[in-house]
Amino acid sequence: MTLRIIGSGFGRTGTRSLKEALEHLGFGPCHHMEEILQNPEQVVLWQQIAAGQPCDWSEVFAGYSAQIDWPGAHMWRDLAQAYPEAKVIHSIRPEESWWRSFSATIGLFLKVRGRMDLPPHINQMMDVTEQFIAEDTFGSDVEDKAAALAAYRRRTQEVQASIPAERLLVFDVAEGWEPLCAFLGVPVPDVPFPHRNVTDAFWDLLGGAPEAA
């Protein structure tokens, strides 16, 4: 199995909904941060990547035909080169909406995780995530809104400048099935487009919101 879809968009841009949509359309299994949290053996691979060690992408994404969300989205350039036939989907949402969602979930989690009772593999993966987001992407603390929004805009600009238009879809999940299916060349399903991963669902995946930690 090889990657057919590469996701370059930040987390909290509807990536969980997009994962489910791609799997419904036959482009699955789709890798997502959720996959790592549920499969601890994947963490060591991402630790090696974060440390700058050579990696075999076929091992990292063994069994997957699509990748969406962090941490894979952080490596979009490498993946686009490694899988030249894969299409790239850059998920977006209005930037203020993205910031509200990010700061209430991933940003808050990275800030308070030290006082949460988390399994070791989740803490280890969040070390990698913090490096990818705060250090490598934002160049600042995850609470720095101006730096985060600048990075958010910059990512879209870089993807559009680097990926040929015929290979790229800039996509807001609020647009539904039509643009996604047209891009992938598949029929539009006769079911509602999935909408998942609201804030409560994010915290449920991690064992509860920080107030309950």
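Gly-107 is buried, with a relative accessible area of 6%; buried means under 20% relative accessible area, exposed over 50% and partly exposed in between, using a 1.4 Å probe and protein chains only. Select this glycine to begin the tour. The model is predicted, so local features need pLDDT of at least 70 and side-chain atom pairs count only at pLDDT 80 or more, whereas totals for chains, interfaces and linings use all residues. Residues are numbered from 1 along each chain as its sequence is written, and side-chain values use heavy atoms, with hydrogens and water left out.

**Stop 1: around Gly-107**

Gly-107 is found in helix α7. Helices are DSSP runs of H or I with at least four residues, strands are runs of E with at least two, and both are numbered from the N terminus. Display the neighbours next: leaving aside residues up to four places away in sequence, Gly-107 touches Phe-102 and Val-142. Contact here means heavy atoms within 4.5 Å. For a distance across the model, select Ile-36, which is 71 residues from Gly-107 along the chain; the two C-alpha atoms are separated by 18 Å.

**Stop 2: helix α6 and its partners**

Move to helix α6, residues 95-104. Which residues in α6 are buried? They are Ser-97, Trp-98, Trp-99, Ser-101 and Phe-102. The buried residues of α6 pack against α7 (106-112), α8 (120-138) and α9.

Two packed helices are described by the angle between their axes and the distance between the axes. Axes are lines fitted to C-alpha atoms, for helices over the stretch in contact, and angles run from 0 to 180 degrees between N-to-C directions. Angles under 35 degrees count as roughly parallel, over 145 as roughly antiparallel, 65 to 115 as roughly perpendicular and the rest as oblique.

To see the contact, show Glu-95, Glu-96, Trp-98 and Trp-99 in α6, which meet Lys-145, Ala-148, Leu-149, Tyr-152 and Arg-153 in α9. The residues of this contact divide into 5 nonpolar, no polar and 4 charged. In this grouping Ala, Val, Leu, Ile, Met, Phe, Trp, Tyr, Cys and Pro count as nonpolar, Asp, Glu, Lys and Arg as charged, and the others, Gly among them, as polar.

**Stop 3: helix α3 against α8**

Select helix α3 (residues 43-50) together with α8; their axes are 10 Å apart and the helices pack at an angle of about 30 degrees. The two helices are therefore roughly parallel to each other. On the α3 side, the contact is made by Val-43, Trp-46, Gln-47, Ile-49 and Ala-50, and on the α8 side by His-121, Gln-124, Met-125, Val-128, Gln-131 and Phe-132. These residues divide into 7 nonpolar, 4 polar and no charged.

Next, select Pro-40, in the loop between α2 (33-38) and α3. Pro-40 is partly exposed, with a relative accessible area of 40%. The C-alpha atoms of Pro-40 and Glu-23 are separated by 22 Å, the two residues being 17 apart along the chain.

**Stop 4: the cysteines**

Finally, colour the cysteine sulfur atoms. How many disulfides does a search of the whole structure find? It finds 0, a disulfide being a pair of cysteine sulfur atoms within 2.5 Å. The sulfur of Cys-30 lies 15 Å from the closest cysteine sulfur, in Cys-181, too far for a bond. Cys-30 counts as buried, at 0% relative accessibility. For Cys-55, the closest cysteine sulfur is in Cys-30, 18 Å away and too far for a bond. Cys-55 counts as partly exposed, at 33% relative accessibility.
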